[in-house]
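Me: I want to learn to read a fold from its strands and helices. Can we go through one together?

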Amino acid sequence: MGPPLTSGLAEIINRPLAIGGRTIARRVVLAPMTGLGHVAFRHLLDELGGCDLMFSEMCSAARIPHENRHTSSYFRWRDEEAGHLAIQILGADGARMAAAARRIEAEGLFGVDINLGCAVKEICKFNQGAALLKDPPAAAALVRQVRQAVRCPLLVKFRTGWRDDPAIPVDLARRLEDAGADALTFHPRVAPDVRTRPARWEYIAQVKAAVTIPVFGNGDVLDAEDCLKMLVTTGCDGVALGRLAIARPWVFAQWGGG
């Protein structure tokens with residue numbers, strides 16, 4: 001199962017964390033990803049020790065109200081995971097996003113996650129995902145409309161923006177909190193950057209200092225030492241694992257002492 005746990009890591013991540021009206025027992029979570037956080041992978045993850053908060057793969061908000069959860073390729077889950085699964089939704093139309101959120105809440109899932117991070121051209125050309133980072137007031141208005149539609153936890157994942165300036169994510173984080181987000185997942189890279197440069201962890205610290213809601217750091221956590229370093233140096237409330245979780249789905253239980 002790998003090397004011994006980094007000293008102090010389990011103690012930090014095993015502290016409960018409140019998100020909206022819910023509480024998770026561990027502070028290392030499965031990051032929102034596209035095409036990877038599907039029901040089969042999440043089932044495997046649960047069998048290898050589980051994770052207190054998981055995010056689905058990206059789902060189109062326009063389709064969710066009409067989807068059959070038992071046959072859909074994306075909007076699908078096992079009953080056993082519903083209480084710790086947030087559905088990641090994508091869209092630009094506030095009414096459609098709100099309708100999707102209402103369906104998610106009605107199904108008894110943990111909550112809703114809004115994607116403001118996907119920078120794929122096919123997504124951004126419809127003013128979705130990371131494209132909304134170019135218009136912070138519009139992004140905040142979208143979050144506010146979803147917030148007004150549901151009472152379940154509302155989370156948002158976002159990137160630095162379209163240029164490398166820490167003032168941009170700090171401003172956006174404040175706007176998202178004001179709009180009603182219960183927690184943020186922040187990936188400190190500019191939108192066009194697909195891991196070509198290191199994630200700017202110092203930006204996570206600045207975002208965390210700007211808001212009162214929980215912030216999950218994301219990016220370049222490849223082992224237990226990285227995880228502990230991110231938590232200690234940035235002050236973030238938790239860590240969202242992406243690539244490492246896919247490679248080692250037992251890592252959540254391992255780091256938590258399970």
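Predicted model: local features only at pLDDT ≥ 70, side-chain atom pairs only at ≥ 80, totals over all residues.

Me: What is the strand order of the open sheet?
Reply: Strands of a sheet pair through backbone hydrogen bonds, either parallel or antiparallel. Here eight strands run S3-S10-S9-S8-S7-S6-S5-S4, with parallel pairing. Strands (E, at least two residues) and helices (H or I, at least four) are DSSP runs, numbered from the N terminus. Pairing takes at least two DSSP bridges between two strands.

Me: Which strands are at the edges?
Reply: S3 (28-30) and S4, each pairing on one side only.

Me: How do H3 and H5 pack?
Reply: Two packed helices are described by the angle between their axes and the distance between the axes. H3 (residues 94-106) and H5 (residues 136-149) pack at about 35°, axes 8 Å apart. Axes are lines fitted to C-alpha atoms, for helices over the stretch in contact; angles run from 0 to 180 degrees between N-to-C directions.

Me: Is Ser56 buried or exposed?
Reply: Ser56 counts as buried because its relative accessibility is 0%. Buried means under 20% relative accessible area, exposed over 50%, partly exposed in between (1.4 Å probe, protein chains only). Ser56 lies in S4 (residues 54-60). Beyond neighbours within four places in sequence, its contacts (heavy atoms within 4.5 Å) include Met33, Arg42 and Ile87.

Definitions and conventions:
Residues numbered from 1 in each chain as written. Heavy atoms only, no water.
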